Amino acid sequence: MNKREFIKKSSVGALGIMLAPSILKAGFPKDKLRTAHIGVGNMGMEDLKAVSSHGAVEVVGLCDVDAINLSAAHKMHPGARIFFDYRAMLEEMGDEIDAVIVSTPDHTHAPASLMAMNMDKPVYCQKPLTHYVSESREMKKIAAEKGLVTQMGIQVHSFYDYKLATLLIQSGIIGKVHTVHAWSPKNWGYDGPLPEGEDSVPDQLDWNLWLGTSKKRPYKKDMYHPGNWRKLMDYGCGTLGDMGVHIFDTPYNALELDVPRTIMTECRPTNGFGFPEKNTVTYEFPGTKYTDKSLKWIWYDGPGAPEMHEDLMLPGMEMKKDKNTNKKTDENSISLDAGVAAENELPEQGAMFVGTKGRLLLPHFMQLPKKIRRGKYVDISKEIAKVSEEHNLGEPIRNYATEGPKHYHQFVDACLGKDTTTAPFDYAARLTETILLGTIAGRFPGETLHWDAETAQFKEEKANKYLAGDYRDF
């Protein structure tokens, strides 16, 4: 089944739910939001906790393909109905659901979200928004046509330091930006051998439902579920899709970028199964009012990232090939690591804006940006105070436990007509498309791919087959 057929089958009419869109959109009390959650393990559990911490939320539906995950979530919300199959939950509960939270592996983001959106449900979907470029464009289109409240799960988008960096860049603190470097040493790649044979599927797991619309594949213990799917091309988007979305977000937003014109990835040859463990992706974007005539963007990931460049040199730093040549990366420990680096060391993850009047270093995350000019740090406390006051940013709060839920609560409040979301699918689809173009370029190492944003096609025809996937009936 192709994507278009899946979308048609998942529409309201195909389900036989004949409520008019106006009733669906206005059919819940303005002081309460009934949520259904698709995927409640790992990040899905964190999403469930954050959304349900809002006083107006009533969790009415829980869905997961793993009974252990489902049981843990149900203990938290014993009044909710439970399902293994999201299609059954959406079809059976219908207008009992006001909004849907999608926290599955990447390959199921779009199928689940599209079904909910075609039922006129507001959707909060984890990052990256989709697994294929065509899906991102479809979700953006449907959200706009139906006027749905949407939000992508990039919690740090709502954090003080990222808002501050956006305002500083747009105020011209380093002039016109011509280059961005961004990096993460996280390793969501797999350079190992392809799995052989198959293992018994655990009793608690519905393997067919986990595979969902992706092609049928034998189960192998510790290869896919619960944690390693991000490394694999059929299910995840590698480190670029995991951490790149977070770290791209602020420069992309601050510079008001659209999708890139060219993309080139340096990595090992593709094996068609796992993403490379080390990647350097170079994008070229059309210019905006905050950039030079065009913008060069370089992303580095994998152990030792970033490869050192003169743009990344800090005061007191000695030039060396890699920032962390002797440091082992633990992909499970660094995504929320807010450790402060020494002034002559790059933060473990972050971004560097390079402009005509200096550079701005933005650590990931919960740290103030720093300006560098002519090899020295520049005091920008007055500039920070000015934009903070002008835009009512308040004081920075260095507590992820209290700040993290704000992005989720913004979505809830928007569904109740009390706020607007800052990472709606109109924005999230373009950011995700940029990320996914980089993963596609990794299939053609060292080749520059040329992207036509109007036609949503590569000039290089061989790359276009990776823009969409055939959906399996399951």
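A search of the whole structure, a predicted model, finds 21 salt bridges. Several of them are described here together with the elements that carry them.

Asp-85 has a relative accessibility of 17%. The residue therefore counts as buried, the limit being under 20%.

Another salt bridge pairs Asp-234 with Arg-217, and here the closest N and O atoms are 2.3 Å apart. Arg-217 is buried, with a relative accessible area of 17%. Salt bridges can also share partners. In this way Lys-127, Lys-186, Arg-230 and Asp-242 are joined into one network.

Arg-137 lies in helix H8 and Glu-433 in helix H15, 296 residues apart. Their closest N and O atoms are 2.8 Å apart. The two partners differ in accessibility. Arg-137 is partly exposed, at 28% relative accessible area, whereas Glu-433 is buried, at 3%.

Two packed helices are described by the angle between their axes and the distance between the axes. For H8 (residues 133-146) and H15 (residues 425-441), the axes come within 9 Å and cross at roughly 175°. Angles over 145 degrees count as roughly antiparallel, so H8 is roughly antiparallel to H15. On the H8 side, the contact is made by Val-133, Ser-136, Arg-137, Met-139, Lys-140 and Ala-143. H15 contributes residues including Phe-425, Ala-429, Glu-433, Leu-436 and Ile-440. The residues of this contact divide into 8 nonpolar, 2 polar and 5 charged.

The model also contains an open sheet of 6 strands. Strands of a sheet pair through backbone hydrogen bonds, either parallel or antiparallel. In this sheet the pairing is parallel, and the strand order is E3-E2-E1-E4-E5-E6. Strands E3 (81-83) and E6 (150-153) stand at the edges. Each has a single partner strand, so one side of each is left without a neighbour in the sheet. Neighbouring strands are turned by 20° against each other on average, direction ignored.

Within the sheet, strand E4 (residues 99-102) pairs with strand E5 (residues 123-126) over 3 bridges, in the parallel sense. Ile-101 has Tyr-124 of E5 as its bridge partner. Elsewhere, helix H5 (residues 67-76) lies across strands E2 (57-63) and E3. H5 runs at about 160° to E2.

Technical notes:
Residues numbered from 1 in each chain as written. Predicted model: local features only at pLDDT ≥ 70, side-chain atom pairs only at ≥ 80, totals over all residues. Heavy atoms only, no water. Pairing = 2+ DSSP bridges. Helix = DSSP H or I, 4+ residues; strand = E, 2+ residues; numbered from the N terminus. Axes fitted to C-alpha atoms, helices over the stretch in contact; angles between N-to-C directions. Contact = heavy atoms within 4.5 Å. Parallel < 35°, antiparallel > 145°, perpendicular 65-115°, else oblique. Nonpolar A, V, L, I, M, F, W, Y, C, P; charged D, E, K, R; others polar. Salt bridge = Lys/Arg side-chain N within 4 Å of Asp/Glu carboxyl O. Buried < 20%, exposed > 50% of the residue type's maximum accessible area, 1.4 Å probe, protein only.
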